Amino acid sequence: MNDNSLFQIYFDSDLETKEQVYDFISEIACAHASFQQKQDIIHQLNEREKAGSPLIAEHVLLPHIESEHVIESQIILFRLAKPMHWDETIEDIRMIIAILLKKGEEEAIKKKMAGFTRSLADEDYVERLLNVEEIEFHKEIIKIREES
Amino acid sequence: MKIVGVAACTVGIAHTYIAQEKMENAGKKAGHEIAIETQGTIGTENELSSQQIQEADIVILAADVKIAGRERFEGKRIIQVPTDVAVKSPNKLIKKAEEVLKQKQAQ
């Protein structure tokens with residue numbers, strides 16, 4: 001797949017609830033698929049959440065799945081316009097990074113994705129992603145994309 | 001202190017690698033020698049050598065799934081936590097390893 005399409009950025013996203021986020025992600029994951037396949041994606045996202053919290057840093061969520069319904073592996077970044085109340089235990093979310101991994105994806109793409117997730121261990125980097133303006137946000141992602 | 005460990009999560013694309021980085025950074029910051037193997041979607045990376053394991057004072061397993069090769073750590077002092085503990089509180093986790101080792105040495 002084209003490396004440039006691995007990342008999708010939604011800056012100032014007006015998504016307001018967890019349900020809206022998962023609906024949106026399921027649309028991106030399998031745009032022309034059946035309603036049932038999209039529901040499967042949402043179910044998988046919810047199941048992954050039950051296995052462990054998607055919260056990776058203050059204000060940041062990282063929902064992720066591997067699925068045969070995912071047409072193209074993607075990393076989707078939402079910088080939210082307004083802080084989101086996610087559920088009873090998670091609130092004040094300002095950035096959501098969704099990782100969709102296609103079942104049987106080639107190793108080179110998996111390595112790129114792993115390289116990006118490793119960069120999220122850097123608290124300064126995450127802090128910048130949370131606070132910079134849109135142009136800088138894109139630059140930060142491009143930088144990581146080129147390094148990984 | 002010499003620490004070795006393994007990071008492994010269910011999908012193996014996210015928490016595994018963040019946990020590895022965070023544990024290694026926190027361990028080094030606290031002045032320890034640390035090596036974390038990842039068992040993720042790419043397979044095993046940074047595989048621990050038998051010498052590394054033998055020389056380790058403590059083992060940290062940050063895993064949400066059954067890890068491969070757990071028998072390598074038989075007889076070692078092991079701390080097992082879910083990956084999100086390593087992701088959210090890596091410094092506390094290293095502190096806990098220090099305390100466990102202190103208790104072991106006091107015995």
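Reader: Which residues does A:Ser148 touch, not counting residues up to four places away in sequence?

Author: Residues are numbered from 1 along each chain as its sequence is written, while chains are lettered from A and ligands numbered from 1 in the order in which they are written. The model is predicted: local features need pLDDT of at least 70, side-chain atom pairs count only at pLDDT 80 or more, and totals for chains, interfaces and linings use all residues. Two residues are in contact if their C-beta atoms, placed from the backbone, lie within 7 Å. With residues up to four places away in sequence left out, A:Ser148 touches A:Lys112, A:Gly115 and A:Phe116.

Reader: How many other C-beta atoms lie within 10 Å of A:Ser148?

Author: A:Ser148 belongs to the segment after α5 (134-147) of chain A. A residue is buried if 20 or more other C-beta atoms lie within 10 Å of its own, exposed if 12 or fewer, and partly exposed in between, with C-beta atoms placed from the backbone. A:Ser148 is partly exposed, because the count within 10 Å is 16.

Reader: In what order do the elements of chain A run from the N terminus on?

Author: Helices (H or I, at least four residues) and strands (E, at least two) are DSSP runs, numbered from the N terminus. Chain A holds five helices and six strands. From the N terminus on, their order is β-α-α-β-β-β-β-β-α-α-α.

Reader: What is the radius of gyration of chain A?

Author: The radius of gyration is taken over C-alpha atoms, and the globule rule is 2.2 Å times the number of residues to the power 0.38. For 148 residues, a compact globule would come out near 15 Å. Chain A agrees with this, at 15 Å.

Reader: What percentage of the residues in chain B are buried?

Author: Chain B has four helices and five strands. Its radius of gyration of 13 Å is close to the 13 Å of the globule rule for 107 residues, so chain B is as compact as a globular protein of that length. Of these 107 residues, the buried share is 44%.

Reader: Which strands of chain B stand at the edges of the sheet?

Author: Two strands pair if DSSP finds at least two bridges between them. The five strands form an open sheet with mixed pairing, in the order β3-β2-β1-β4-β5 (chain B). Two of these strands have a single partner strand each, so one side of each is left without a neighbour in the sheet; in chain B they are β3 (43-45) and β5 (78-81).

Reader: Which element gives the largest share of the side of chain A that touches chain B?

Author: The contact takes 20 residues from chain A and 18 residues from chain B. On the side of chain A, the elements that give two or more residues are α2 (35-51), β4 (64-67), β6 (93-102) and α3 (107-119) of chain A. The largest share, seven residues, comes from α3(A).
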